[in-house]
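Please look through the side-chain contacts and surface features of this model. My notes follow as numbered points.

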Amino acid sequence: MKFKLNLKQPITALILLLTIGLSAQKGILSGKIFDKASGETLIGAILEVRKDGIHVIGAATDFDGNYHVELESGTYEVSINYLSYARYTVADINIKPKEVYTLEVALESESVSLGEIIVKAEAVRSTEVALIALQRNASGIQDGVSAQQISRTGGSNAADAIRQMPAAVIQDGKYIVVRGLGDRYSISQLNGVSLPSTDPYRNSSSLDLIPTQIIDHIISVKTFTPDLPGNFTGGLVNINTKSIPDQFNMTIGI
């Protein structure tokens with residue numbers, strides 16, 4: 001297809017001459033952008049060219065990290081951005097007509113360090129699921145009853161709650177007997193501390209004095225481990241209480 005231009009028309013000739021003149025006055029800004037540490041070229045790095053603080057043109061690097069921009073003659077400021085890299089800015093770049101200004105930039109990786117975050121939480125042991133997990137991870141054989149289970153049975157004190165555990169019997173409504181052995185072979189603890197007996201003739205403690213409203217869970221241990229006292233044969237019962245009451249409670253008993 002042939003295209004003929006009639007140069008005899010003065011307006012057309014004038015526009016053509018101005019276009020050729022402006023194209024001849026442009027300069028070229030080109031170069032390569034790469035990683036400073038590894039030397040690898042960066043694909044898709046954003047190049048922003050500004051003049052007197054006003055955005056002029058933008059470009060992105062190709063697969064080889066190269067860029068090529070045509071600019072009018074003048075002084076420019078160039079900023080280069082890339083994800084996870086520090087912003088790089090070069091000022092006072094003088095572009096001259098029909099000349100190539102080469103600018104190769106090595107970007108540094110921008111690492112953001114977060115402060116240490118410590119999350120503290122207390123494990124919930126008042127549910128049956130938490131108690132089963134506690135028994136599974138225990139080094140010895142043990143049974144237990146949770147506050148969730150106690151609330152369903154309606155026991156009023158620790159002695160009533162312990163009746164639900166296997167191999168545990170309550171005598172006189174308050175003294176515990178484990179595996180058929182007398183109270184002298186059993187130990188009762190409150191939060192890991194041995195409880196004294198209210199009866200000078202018995203070793204077992206009066207468990208009816210501890211209300212179920214403050215009990216989180218009860219553990220019955222029947223095997224010896226290094227963290228437990230060694231003066232029991234039948235079993236050791238450890239009553240763990242709630243650290244903070246869930247709500248205000250007042251109980252009246254007759």
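**Notes on side-chain contacts**

1. E77 and R50 join their side chains in a salt bridge, at 2.4 Å from N to O. The term means a side-chain nitrogen of Lys or Arg within 4 Å of a carboxyl oxygen of Asp or Glu. This pair links distant parts of the chain: E77 sits in strand β5 (residues 74-81) and R50 in strand β2, 27 residues apart. Strands (E, at least two residues) and helices (H or I, at least four) are DSSP runs, numbered from the N terminus.

2. Basis of the values. This is a predicted model, where local features need pLDDT of at least 70 and side-chain atom pairs count only at pLDDT 80 or more, while totals for chains, interfaces and linings use all residues. Residues are numbered from 1 along each chain as its sequence is written, and side-chain values use heavy atoms, with hydrogens and water left out.

3. How exposed are E77 and R50? E77 is partly exposed, because its relative accessible area is 28%. R50 is buried, because its value is 15%. The classes are buried under 20% relative accessible area, exposed over 50%, and partly exposed in between (1.4 Å probe, protein chains only).

4. R50 also forms a salt bridge with E48; their closest N and O atoms are 3.3 Å apart. The contacts extend into a network of salt bridges that links E48, R50, E77 and R87.

5. How many salt bridges does a search of the whole structure find? The count is five. One of them joins E108 and K36, at 2.8 Å from N to O. It links distant parts of the chain, 72 residues apart: E108 is in the loop between β8 (105-107) and α2 (128-137), and K36 is in the loop between β1 (27-35) and β2 (46-51). E108 counts as partly exposed, because its relative accessibility is 44%.

6. The whole-structure search finds one aromatic pair. Y82 and Y85 form it, tilted, with 5.5 Å centre to centre and 55° between the planes. Rings of Phe, Tyr and Trp (its six-membered ring) pair if their centres lie within 6.5 Å; planes under 30 degrees apart count as stacked, over 60 as edge-to-face and the rest as tilted. Y82 is partly exposed at 26% relative accessibility. Y85 is buried, at 14%.

7. I252 lies in the segment after β15 (235-241). I252 counts as exposed, because its relative accessibility is 73%.
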